[in-house]
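Work through the exercises below with the sequence and the structure open. Each task is followed by a solution in steps.

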Amino acid sequence: GERIYFTATNEQGESIPYAGGPALGVMMMQSRLACVSCHGTDGRGGRHGMHMQRMDAPDIRYATLNSNEDEHGSNGESMDHGQGEYDLDSFRQAVVEGKHPDGETLSTDMPRWEMSAEDLAALFEYLKSLPEG
């Protein structure tokens with residue numbers, strides 16, 4: 001899961017394809033877009049610039065995904081769409097389908113990843129390992 005988070009490649013070294021995402025879909029220096037590109041090395045997200053646009057990436061640490069605290073995106077829209085705990089299926093909805101657990105569409109800045117069930121489960125387990133504090 002850690003490899004997927006940082007490089008968008010699976011254990012076999014295959015690039016994980018995606019659709020959409022931030023304008024141009026790559027960061028500076030022509031590296032591939034990966035979770036770390038927007039959510040940071042610790043999964044806390046934050047507001048940053050990419051390709052001359054401002055982005056507000058949410059904190060995706062497992063502890064935060066399962067909290068009832070209200071988070072707001074850069075446009076003031078509530079990011080708290082949870083209906084109880086995030087499980088693997090609700091995580092798949094977000095990562096693959098681009099939807100919150102309640103069915104609302106995620107920001108178009110969030111790529112729609114085309115990953116296998118095995119890769120998705122590994123990434124989900126990695127997010128569970130990120131420290132809360």
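A polar contact is a pair of N or O atoms within 3.5 Å; within protein, one must be able to donate a hydrogen and the other to accept it. The model used here is a predicted one.

**Exercise 1.** Locate Asp-59 and list the polar contacts of its side chain with the side chains of Arg-61 and Thr-64.

Solution. 
- Step 1. Asp-59 sits in the loop that runs between strand E3 (53-57) and H3.
- Step 2. Buried means under 20% relative accessible area. Asp-59 has a relative accessibility of 13%, so Asp-59 counts as buried.
- Step 3. The side chain of Asp-59 makes a polar contact with the side chain of Arg-61, at 2.6 Å.
- Step 4. A polar contact at 3.2 Å joins the side chain of Asp-59 to the side chain of Thr-64.

**Exercise 2.** Check the length of helix H5 (residues 117-129) against its residue count, and find where its buried residues lie around the axis.

Solution. 
- Step 1. The expected span is 1.5 Å times one less than the number of residues.
- Step 2. The buried residues of H5 are Asp-119, Leu-120, Leu-123, Phe-124, Tyr-126 and Leu-127.
- Step 3. Viewed down the axis of H5, these buried residues fall within an arc of 160 degrees, so they line one face of the helix.
- Step 4. On the face of H5 turned away from the buried side are the exposed residues Ala-117 and Glu-118.
- Step 5. The packing partners of the buried residues of H5 are H1, helix H2 (35-39), helix H3 (62-65) and helix H4 (88-97).

**Exercise 3.** Describe H4: which residue caps its N-terminal end, which of its residues are buried, and what do they pack against?

Solution. 
- Step 1. The cap at the N-terminal end of H4 is Asp-87, with a side-chain oxygen 3.2 Å from the backbone nitrogen of Asp-89.
- Step 2. Within H4, Ser-90, Phe-91, Gln-93, Ala-94 and Val-95 are buried.
- Step 3. These buried residues pack against strand E4 (112-113) and H5.

How values were computed
Residues numbered from 1 in each chain as written. Predicted model: local features only at pLDDT ≥ 70, side-chain atom pairs only at ≥ 80, totals over all residues. Heavy atoms only, no water. Helix = DSSP H or I, 4+ residues; strand = E, 2+ residues; numbered from the N terminus. Buried < 20%, exposed > 50% of the residue type's maximum accessible area, 1.4 Å probe, protein only. Arc of directions from axis to C-beta. Contact = heavy atoms within 4.5 Å.
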